[in-house]
Amino acid sequence: MAMQFYASPEQVQRDRSEYARKGIARGRSAVVLSYEGGILLVAENITTLRKISEIYDRIAFAAVGRYNEFESLRRAGVRMADTIGLTYDRRDVTGRALANAYTQTLGAIFSETQKPYEVEICIAQVGATPEQDELYRIMYDGSALDEPGFMAMGGQAEAIANVLKERHDVNADLPTALALAAEALGSVGGENGQTRTLAAKQLEVAVLDRKRTGRTFRRLADATLTSLLGHQSVADADLGETDAAPPAPADSKPTESAASEDTEG
């Protein structure tokens with residue numbers, strides 16, 4: 001009969017934490033911060049897979065770590081938000097409620113499964129003023145932090161957060177806020193500790209625009225993002241559009257299946 005080795009619960013938890021932290025550290029970082037016009041979300045991303053997405057009207061989702069794991073969390077958040085909004089009222093969908101749900105989910109996964117999720121996520125809700133913005137950082141073990149105005153996630157989050165802490169200004173305009181976020185992300189990861197200059201093609205950028213009603217999420221890309229990185233102002237009308245909504249049913253959509261047609265005789 002094989003002998004079972006004993007590991008204390010504390011050691012198991014430490015091993016799981018170390019495993020998750022190492023997995024997250026291998027990925028690229030992301031920054032979320034408040035500015036005068038809303039909330040800016042910036043992730044270093046050279047793939048077509050999204051790290052930043054819309055959850056609901058005034059709520060966004062950002063994540064670092066394993067894509068397949070945080071994508072399943074994002075989809076669950078969208079379903080939860082839609083269910084609450086349809087059952088009650090759209091105003092009942094809040095970032096705090098979503099953050100609470102994510103803490104419970106990640107906490108259960110960390111405690112009850114063999115492998116923890118290698119993810120960190122942010123739930124951001126834009127308010128009427130920068131002081132009313134809400135940023136929640138949820139860790140791999142379900143612990144949550146209410147961040148005051150800015151946050152960084154990923155392998156070298158502490159060094160990036162130090163750059164943001166020194167220069168973050170909630171009254172800054174969008175080009176200034178984006179320049180700070182790009183500089184903070186580029187402050188780590190260079191050879192021999194050198195800083196990097198990140199180009200538009202290396203960044204995934206979105207905003208929650210507090211001036212808009214309804215869906216406030218906008219993606220910034222291509223010429224708009226290049227102009228903003230060059231410290232040029234962009235008109236509100238030129239900001240990116242929301243993520244694609246489900247297409248409306250076509251007028252010529254059939255109402256009966258071809259399989260229901262009687263083909264006998």
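**Rings, hairpins and an open sheet**

Y102 is buried, with a relative accessible area of 5%. Buried here means under 20% relative accessible area, exposed means over 50%, and partly exposed lies in between (1.4 Å probe, protein chains only). This is a predicted model, in which local features need pLDDT of at least 70, side-chain atom pairs count only at pLDDT 80 or more, and totals for chains, interfaces and linings use all residues. Residues are numbered from 1 along each chain as its sequence is written, and side-chain values use heavy atoms, with hydrogens and water left out.

Start with the aromatic rings. The whole structure holds 3 aromatic pairs. Rings of Phe, Tyr and Trp (its six-membered ring) pair if their centres lie within 6.5 Å; planes under 30 degrees apart count as stacked, over 60 as edge-to-face and the rest as tilted. One of the pairs is F61 with Y102: the centres are 6.0 Å apart and the planes meet at 55°, so the pair is tilted. It links distant parts of the chain, with F61 in strand β4 (residues 59-65) and Y102 in helix α3 (residues 95-112), 41 residues apart. Helices (H or I, at least four residues) and strands (E, at least two) are DSSP runs, numbered from the N terminus. F61 is buried too, at 1% relative accessible area.

Now look at Y67 and F70. Their ring centres are 5.4 Å apart and their planes lie at 80°, so this pair is edge-to-face. Both residues sit in helix α2 (residues 67-87), 3 residues apart, about one turn of the helix. Y67 is partly exposed at 31%, whereas F70 is buried at 2%.

Next, follow strand β6 (residues 134-138). Of its 5 residues, 4 are buried. Strands pair if DSSP finds at least two bridges between them. β6 runs antiparallel to β5 (residues 119-125), joined by 5 bridges. There, I123 has Y136 of β6 as its bridge partner. On to β7 (residues 144-147): 4 bridges join this strand to β6, again antiparallel. I138 is partnered by A144 in β7. The hairpin of β6 and β7 has 5 residues between the strands, and G142 takes a positive phi near 90° there.

Finish with the open sheet. Which order do its 5 strands take? The order is β8-β1-β2-β9-β10, with antiparallel pairing. β8 (150-153) and β10 (217-220) are the edge strands, each pairing on one side only. Inside the sheet, β1 (residues 30-35) and β2 (residues 38-44) pair over 6 bridges in the antiparallel sense. A30 stands opposite A43 in β2.
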